[in-house]
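Thank you all for making time this morning.

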Amino acid sequence: MPNHAELPGADESYWMHSTDATRFAPLTDDLTGDRTVDLAVIGGGVAGLSTAWEAARTGRSVVVLEADRIAAGVSGYTTAKVTAQHTLIYDRLRRKQGAEAARLYAASHTDAMERIAAVAAELDLPCDLEIRPAITYSRDPAARSELRAEARAARDAGLNAEYVEETELPFTVAGAVRVADQAQFHPRAYLLGLATDLAARGATVYERTRVTALSEGEPCRLRTESGATVAARDVVVATHYPVFDRAMLFTRLSPRRELVVAAPIDAGADPHGMYITEGDGKRSVRTAPLPDGRRLLIVTGEEFTPGTGGVAERFRVLDAWMREYFPVAETAYHWAAQDNDPSDKVAMVGPLHPAARHAYVAAGFGGWGMTGGAMAGRLLSELIAGRAPEWAGLYDPRRLWSVLKEAPTLLKQQAEVAQHFIGDRLRTTHVDDLSGIGPGTGAIVRIGGRRCAVYRDEDGTAHAVSARCTHLGCLVAFNDAERTWDCPCHGSRFGVDGAVVHGPAVRPLEPRTVE
């Protein structure tokens, strides 16, 4: 396997590298009795912090419970486009769900975009908010009719959209949908500002506080990994992939990872927009301002299912593409982001399950979590207050009409899960014995008759954990670029020591003895 150090640039996102680390204390005492809170938010990303902030500003007592560090999961590794233009969504919505659904989708995400801009101004957040056009393009002439249809649908839905065949990219395109007056920003600078203001409003953020159990009632009760109990009148599960899933939402979500490389370029080489193309050669391009006046070019692509091998090589392919088209001297960063695609392409924001009265969820943003998270914060705070915005029904996780219409997609998703669950057990182990695992690499190997996930560190010491994901039991696979054990079924990720890196799993992989 390629050595991790051979990858281009620092193994970190620019957003994480350019902001200070947070140090909120973990929860150690019970919050029950007279310490019961109005709202407990599980998850400290954009959806969780936006929901907490919207609730706190109305005077509610709020706690945020984050398993690791806030704004350091998916929200710290995004490309941070703040836009209502989500590739080819509007023509699809119009055909599948009607013109009104497309209008509500555009209105809700435009409202979220405007909300982010207003909050950034109100709190005077140094988050590099910039107004830019959002452009979905294709280099394939056969895609022109599809792009024209999307431009019409987006315009009919209320966006300032047009079909064009000229862009400022350094290569020709066959056609594109251009939506003016969208935005981009520094996501972590924005979210850390929200967290600071939350504290000023009396809310409390707890980090390194993993919630492992939820009992619904009046009040709801949460149990943390350390044994602390939190009583809350309402609970929001905003953990990207729902860690509590009583409506089996995971059957309607497909996890994927995308890689990112970033490099400084002269301001004159800036393509002045947020670009994205779909298909097998998917690429996303934007820039961000650097302190020295240059721009940081951020290129995303090489989409894959968690648990798929060859991640290091994918990084090199993406880096080569960036260098082919842009005047890049040296790659500064590389990182990866994880998203969950709902079967009907519409996020799930609302009651956690059909019988829920005080438990809510925000999930399935499909790669558009910045406006999606802000939209969720606005929507959930209204639902908790007993009000329903006009787009509440569009995002309601209980929407059965969507499940029926998207049945073929659902069946395909679950067939892929079954393929991993059964097929991975029928295959031979990745290596025959521990001697086949080199320093800095990992593989699945049988030890004492059990499949184990074994990583050998640079000093030659082997570390073994169970190869069965603690979510639903699929076999994990080694990610050679990020040095994690990834589950291909629902996207859980674990450190080489078995610790949970990314849900829906909430329990670590069990340790195994290397003999």
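Predicted model: local features only at pLDDT ≥ 70, side-chain atom pairs only at ≥ 80, totals over all residues.

Residues are numbered from 1 along each chain as its sequence is written, and side-chain values use heavy atoms, with hydrogens and water left out.

Let us start with helix H3, residues 89-97, and helix H4, residues 99-122, which pack at an angle of about 140° with their axes 6 Å apart. Helices here are DSSP runs of at least four residues, labelled H or I, and strands, labelled E, are runs of at least two, both numbered from the N terminus. The axes are lines fitted to C-alpha atoms, for helices over the stretch in contact, and the angles run from 0 to 180 degrees between N-to-C directions. H3 and H4 are therefore oblique to each other, since angles under 35 degrees count as roughly parallel, over 145 as roughly antiparallel, 65 to 115 as roughly perpendicular and the rest as oblique.

Turning to the sheet, we have an open one of four strands, in the order E19-E20-E21-E26, with antiparallel pairing. Strand E19 (441-447) and strand E26 (511-512) stand at the edges, each with a single partner strand, so one side of each is left without a neighbour in the sheet. Two strands pair if DSSP finds at least two bridges between them, and strand E20 (residues 450-456) is joined to strand E21 (residues 462-466) by five bridges. Within that pairing, Tyr-455 has His-463 in E21 as its bridge partner.

Now, is Ser-75, our next residue, buried or exposed? Ser-75 is buried, with a relative accessible area of 7%, where buried means under 20%, exposed over 50%, and partly exposed in between, using a 1.4 Å probe and protein chains only. Ser-75 sits in the loop between strand E3 (62-65) and strand E4 (81-82), and a polar atom of its side chain lies 2.9 Å from the backbone nitrogen of Val-46.

Finally, Arg-178 belongs to strand E7 (residues 175-184) and is partly exposed, with a relative accessible area of 29%. Arg-178 and Arg-223 are 45 residues apart in sequence, and their C-alpha atoms are 47 Å apart in space.

Key
Polar contact = N/O pair within 3.5 Å; in protein donor to acceptor, adjacent residues only side chain to side chain.
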